[in-house]
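User: Hi! Could you walk me through this structure, one question at a time?

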Amino acid sequence: STSSLTEIYQQEKTFDVKRAVLQALFVRGDVRALIEISRRETDPRLKREAVQFLAVSGSEEATEYMLELLDEK
């Protein structure tokens, strides 16, 4: 479930496992979880991974979030 995946993500320390969780959320189509993770992520590599998954999701909510990121720059 999404809550299990996000819990694993929050507790995990390794890049590869966190990336695998992001992939699983993408496969599930859970745009909201990817956005929330991206908002809180401090590791730029993982944030970039999450945003890349959002970019190909085709979700309007993901597009709005990416525009929000661009406005921050």
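**Confidence and contacts in the model**

Analyst: Happy to! The protein chain has an average pLDDT of 94, and 99% of the residues score at least 70; pLDDT is the predictor's confidence in each residue, from 0 to 100. This is a predicted model, in which local features need pLDDT of at least 70 and side-chain atom pairs count only at pLDDT 80 or more, while totals for chains, interfaces and linings use all residues. Residues are numbered from 1 along each chain as its sequence is written, and side-chain values use heavy atoms, with hydrogens and water left out.

User: Which element of the protein chain has the lowest mean pLDDT?

Analyst: Elements here are DSSP runs numbered from the N terminus, either helices (H or I, at least four residues) or strands (E, at least two). Helix H2 (residues 15-28) has the highest mean, 97. The lowest mean, 92, belongs to H5.

User: Which helices do the buried residues of H3 pack against?

Analyst: Buried means under 20% relative accessible area, exposed means over 50%, and partly exposed lies in between (1.4 Å probe, protein chains only). In helix H3 (residues 31-40), the buried residues are Val31, Ala33, Leu34, Ile35, Ile37 and Ser38. Their packing partners are helix H1 (2-11), H2, helix H4 (44-55) and H5.

User: How far apart in space are glutamate 61 and arginine 32, C-alpha to C-alpha?

Analyst: Glutamate 61 counts as partly exposed because its relative accessibility is 33%, and arginine 32 counts as exposed at 59%. The two are 29 residues apart in sequence, yet their C-alpha atoms are separated in space by 7.9 Å.

User: What is the angle between the planes of phenylalanine 26 and phenylalanine 53?

Analyst: Rings of Phe, Tyr and Trp (its six-membered ring) pair if their centres lie within 6.5 Å; planes under 30 degrees apart count as stacked, over 60 as edge-to-face and the rest as tilted. A search of the whole structure finds 1 aromatic pair. Phenylalanine 26 and phenylalanine 53 form a stacked pair, 5.0 Å centre to centre, with an angle between the planes of 25 degrees.

User: How far is the charged end of lysine 18 from the centre of the ring of tyrosine 9?

Analyst: A charge sits over a ring if NZ of Lys or CZ of Arg is within 6 Å of the ring centre and within 35 degrees of the ring normal. The charged end of lysine 18 sits over the ring of tyrosine 9, and its distance from the ring centre is 4.6 Å.

Note on methods
Contact means heavy atoms within 4.5 Å.
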